[in-house]
Amino acid sequence: MNSFRLARLGKSKLRIHLYGEPLVDEERVTSLTFKIPAKVTIERHITSEDIGEADYRPLTLALDQERKAELKRRFAFGKPQAVYVFMFVTFFIMWLAESVGSTLDPNTLIRFGAKVNPLIDEGEWWRLLTPMFLHIGWFHFGINMFALWSLGPLVERMYGSPRFVIIYLLAGIIASTASYAFSDAISAGASGALFGLVGALLYFGIRDRSLFMKTLGPPLFIMLGLNVGLAFVLGASLDHSAHAGGLVGGFLMAGVVGLPDETRYMRRVVFLVSAVALTVACFLYGYYR
């Protein structure tokens, strides 16, 4: 009766905890079906004879509380601090550039560190880092800062502040390197680093698929779909190579630093080698093409 009541309330998934002594045909428990709209999952818990029916409900509630605590711990490894520092630094550089000239002017962009391939060829490698703190107009700045304000705190809570800083900066550098390799246009903006944060969330999805689909998966896929649609609408005005490089770079850097509760260090070495190989390959391709 509770199953039907919960299903009518719109619960799409229902988990039933079945406590009791071992049954003769125990394996059939997991194959039970229910004619209700909800997807039912049965968890079997074998108990001893000294546990009465009155004890079952506290056991189930304790298990639910444990799962809620685990979910809370997963998103409580750090407080959003670095993300606001990045937002302030980006705003300060944008304000400084606009006070000198206009960020819609290529000369101002070049002066304040935009990605310019010929200048990188001449040795100004720092232009692979500075573009993520510079934007082409206030509208471009506003869109990217809103995205950073939306995604950044979540990633920083999941990975902690030191890991977040590494992911954001290095994903941005990989994004600029990919743009250097595959685009000749002058470019600036934090979108490559922002796609790096999306890559970090996708890495979390691979490491904990069940929790990812319950919490982050659907809205993240919707956001990616909207970005793909926006790419078709705006066309050449977007630096697609930087976006792709940032997405892959963020995924690889998340694998390098790992989630705070990961302990398999050999996997991190593999991701580190992959990230270095990708960055070097993109840079050499852009330098010699």
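Predicted model: local features only at pLDDT ≥ 70, side-chain atom pairs only at ≥ 80, totals over all residues.
Trainee: Which residue does the side chain of Asp184 meet in a salt bridge?

Mentor: A salt bridge is a side-chain nitrogen of Lys or Arg within 4 Å of a carboxyl oxygen of Asp or Glu, and by this rule the count comes to three. Asp184 meets Arg289 at 2.5 Å, N to O. Arg289 lies in the segment after helix 12 and Asp184 in the loop between helix 7 and helix 8, so the bridge ties together parts that are 105 residues apart in sequence. Arg289, at 45% relative accessibility, counts as partly exposed.

Trainee: Which residues form salt bridges with Arg127 and with Arg267?

Mentor: Arg127 is paired with Glu124, their closest N and O atoms being 2.6 Å apart; here Arg127 is buried, with a relative accessible area of 4%, whereas Glu124 is partly exposed at 24%. Arg267 is paired with Glu262, with 3.6 Å between the closest N and O atoms; in this bridge Glu262 is buried, with a relative accessible area of 10%, and Arg267 is partly exposed at 22%.

Trainee: How many helices and strands make up the secondary structure of the protein chain?

Mentor: Elements are DSSP runs numbered from the N terminus, helices being H or I with at least four residues and strands E with at least two. The protein chain has twelve helices and two strands, and its order from the N terminus is α-β-β-α-α-α-α-α-α-α-α-α-α-α. Of its 289 residues, 41% are buried.

Trainee: What does helix 12 look like from its first C-alpha to its last?

Mentor: The expected span of a helix is 1.5 Å times one less than its number of residues. Helix 12 has 24 residues and reaches 35 Å, close to the 34 Å expected. Its buried residues are Arg268, Phe271, Ala275, Cys282, Phe283 and Gly286, and these pack against helix 5 (117-121), helix 7, helix 8 and helix 11, where contact means heavy atoms within 4.5 Å.

Trainee: Which residues touch the most other members of the largest nonpolar core?

Mentor: A nonpolar core is a set of buried Ala, Val, Leu, Ile, Met, Phe, Trp, Tyr and Cys residues joined through side-chain atoms within 4.5 Å. In the largest one, which has 36 residues, Leu148, Val155, Tyr159, Phe164, Ile167, Tyr168 and Leu197 touch the most other members. Two or more residues come from each of helix 3 (82-100), helix 6 (138-159), helix 7 (161-182), helix 8 (191-207), helix 11 (240-257) and helix 12 (265-288), and helix 8 gives the most, with eight. Apart from this core lies another, of six residues, including Leu109, Phe112, Leu134 and Ala188. Not counting residues up to four places away in sequence, Tyr168 touches Phe86, Met132, Leu148, Ala190, Ala193, Leu194 and Leu197.

Trainee: How many aromatic pairs does a search of the whole structure find?

Mentor: Rings of Phe, Tyr and Trp (its six-membered ring) pair if their centres lie within 6.5 Å; planes under 30 degrees apart count as stacked, over 60 as edge-to-face and the rest as tilted. The search finds 17 pairs. Phe91 and Trp138 have ring centres 6.2 Å apart and planes at 45°, so their pair is tilted; it links distant parts of the chain, with Phe91 in helix 3 and Trp138 in helix 6, 47 residues apart. Phe164 and Tyr168 form a stacked pair, 6.0 Å centre to centre with 20° between the planes; both lie in helix 7, four residues apart, about one turn of the helix, and both are buried. Ring pairs also link Trp125, Tyr180, Phe283, Tyr287 and Tyr288 into a cluster.

Notes
Residues numbered from 1 in each chain as written. Heavy atoms only, no water. Buried < 20%, exposed > 50% of the residue type's maximum accessible area, 1.4 Å probe, protein only.
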